[in-house]
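Start by looking at the model below.

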Amino acid sequence: MIKRSVFLLFLGLLIFTSCDKKRVFDRYESIPNGEWQRDSLVEIRFEAPDTLKDYNLFINLRNNSKYNFNNIYLITELNFPNGKVISDTLQYEMAAPSGEWLGTGFGDVKESKLWYKENFRFTESGEYLVTVQQAMRRRDSIEGIKSLEGITEVGFRIEDIKQ
């Protein structure tokens, strides 16, 4: 009985770890109380993977039903080890016109894997920093939304490009 349990545990771990062969780096930061403050930067640090290979980069968001918009605007920065910075303002659809969330998951929380950079090469070795800030505002306002409800986690993912 114990041998069978150990075998099933080993098999489960093997299946779990082999399902995500493309993942090179994947980290999430929680948003306190699911309310992303306008001036709050999500910061994710990581070491550059192989500088001779290309990778796909993603911003990952987890949201719940308190998120009241069908899209999201983000301001991102990718800070290189030697001081170079790439800044982007990004817009992503979070829900279909019917109101159905485009992310995956069961229940209240949905996860959206959003393209950030395709075929990207880390040209410098060392520590990189990605920052992500929400840039949402209401149609009738110039000022951004001070506290954006419903985003529970923000993540950054690097995937190996399998040929």
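Is Y67 buried or exposed? Y67 counts as buried, at 2% relative accessibility. Buried means under 20% relative accessible area, exposed over 50%, and partly exposed in between, with a 1.4 Å probe and protein chains only. This is a predicted model, where local features need pLDDT of at least 70, side-chain atom pairs count only at pLDDT 80 or more, and totals for chains, interfaces and linings use all residues. Residues are numbered from 1 along each chain as its sequence is written, and side-chain values use heavy atoms, with hydrogens and water left out.

Now the strands. An open sheet of four strands runs in the order β1-β10-β4-β7, with antiparallel pairing. Strands (E, at least two residues) are DSSP runs, numbered from the N terminus. Two strands pair if DSSP finds at least two bridges between them. β1 and β7 stand at the edges with a single partner strand each, so one side of each has no neighbour in the sheet. β4 and β10 run antiparallel and are joined by nine bridges. L61 stands opposite V154 in β10.

Next, the core. In soluble globular proteins, nonpolar side chains tend to be buried together. A nonpolar core is a set of buried Ala, Val, Leu, Ile, Met, Phe, Trp, Tyr and Cys residues joined through side-chain atoms within 4.5 Å. The largest one here has 34 residues. W36, L61, I72, I151 and F156 have the most contacts inside it. Elements that give two or more residues to this core include β4 (54–63) and β10 (151–160).

Then the rings. The structure holds 14 aromatic pairs. Rings of Phe, Tyr and Trp (its six-membered ring) pair if their centres lie within 6.5 Å; planes under 30 degrees apart count as stacked, over 60 as edge-to-face and the rest as tilted. Y67 and W101 have ring centres 6.1 Å apart and planes at 45°, so this pair is tilted. The pair links distant parts of the chain, 34 residues apart: Y67 is in the loop between β4 and β5, W101 in the loop between β6 and β7. One aromatic cluster includes F80 and F156.

F80 also meets a charge. The charged end of K84 sits over the F80 ring, 4.8 Å from its centre. A charge sits over a ring if NZ of Lys or CZ of Arg is within 6 Å of the ring centre and within 35 degrees of the ring normal.

Finally, the backbone. Most residues other than glycine have a negative phi. N33 has a positive phi of about 60°. N33 counts as exposed, at 75% relative accessibility.
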